[in-house]
Amino acid sequence: MAMPADHSGWTRLRALLNWVNLSTPLGLIVARASGARSRRFRRGTYLAPGYRLRFPVAAAFTIGNVIISSHDRHWLEARPALLAHEDRHCTQYAFCVGVFMLPMYVVAAAFSWAIAGNHYAYNPFERLAGLIGGGYSAKRHSDR
């Protein structure tokens, strides 16, 4: 499913909440500190391609309303399902009171790793964002 281009009342509220809860400012700082250049995108989000650090290992990840990736902008825009997945994480930041989502995500990822051998299979944040759109297998267990 592609990321909708429209900026609705909800996405405006979400953007405001993620500024107030400090997750979007944190995302912009992380992006800038890692060499990524942030630009406004759709639905109140920012794309920050050019991330240079090796962690986390992901095609893209989100902090607040900032979608960060080591890939370039054209690569990201050619993957609407991935952008829709990351857009759902923006909503999760708004509901989880911003930066408080980070430790909750770490706990969920650790729980999933302990059960399935990967960070996503039993991680409710990834499951609710859509595993396939995020580039994850829908299988519950890794091929260890």
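Buried here means under 20% relative accessible area, exposed means over 50%, and partly exposed is in between, with a 1.4 Å probe and protein chains only. In a regular strand the side chains alternate between the two faces of the sheet.

A word on the source. This is a predicted model, where local features need pLDDT of at least 70, side-chain atom pairs count only at pLDDT 80 or more, and totals for chains, interfaces and linings use all residues. Residues are numbered from 1 along each chain as its sequence is written, and side-chain values use heavy atoms, with hydrogens and water left out.

Four strands make an open sheet with mixed pairing, in the order β1-β2-β4-β3. Two strands pair if DSSP finds at least two bridges between them. The edges are β1 and β3, each pairing on one side only.

How do β1 and β2 run? They run antiparallel, joined by two bridges. R40 has Y46 in β2 as its bridge partner. On to β4. Four bridges join β2 to β4, and these strands run parallel. L47 stands opposite I67 in β4.

Next, the hairpin of β1 and β2. It has five residues between the strands. R43 sits in that loop, between β1 (39–40) and β2. R43 has a positive phi of about 55 degrees, although it is not a glycine. Is R43 buried or exposed? R43 is buried, with a relative accessible area of 13%.

Compare L22. L22 also is not a glycine, and its phi is positive, at about 75 degrees. Its place is the loop between α1 and α2 (23–33). L22 is exposed, at a relative accessible area of 54%.

One more backbone point. The peptide bond from F55 to P56 is cis, with omega near 0 degrees. P56 lies in the loop between β2 (46–49) and β3 (61–63).

Now the helices. α4 lies across β2, β3 and β4 (66–69), running at about 25 degrees to β3. Axes are lines fitted to C-alpha atoms, for helices over the stretch in contact, and angles run from 0 to 180 degrees between N-to-C directions.

What does α1 do beside α4? The axes of α1 (residues 9–20) and α4 (residues 80–95) come within 9 Å and cross at roughly 60 degrees. The two are therefore oblique to each other. Under 35 degrees counts as roughly parallel, over 145 as roughly antiparallel, 65 to 115 as roughly perpendicular, and the rest as oblique.

Which residues make the contact? From α1, they are W10, R14, L17 and N18; from α4, D87, C90, T91, Y93, A94 and F95. Contact means heavy atoms within 4.5 Å.

That's the tour. Thanks.
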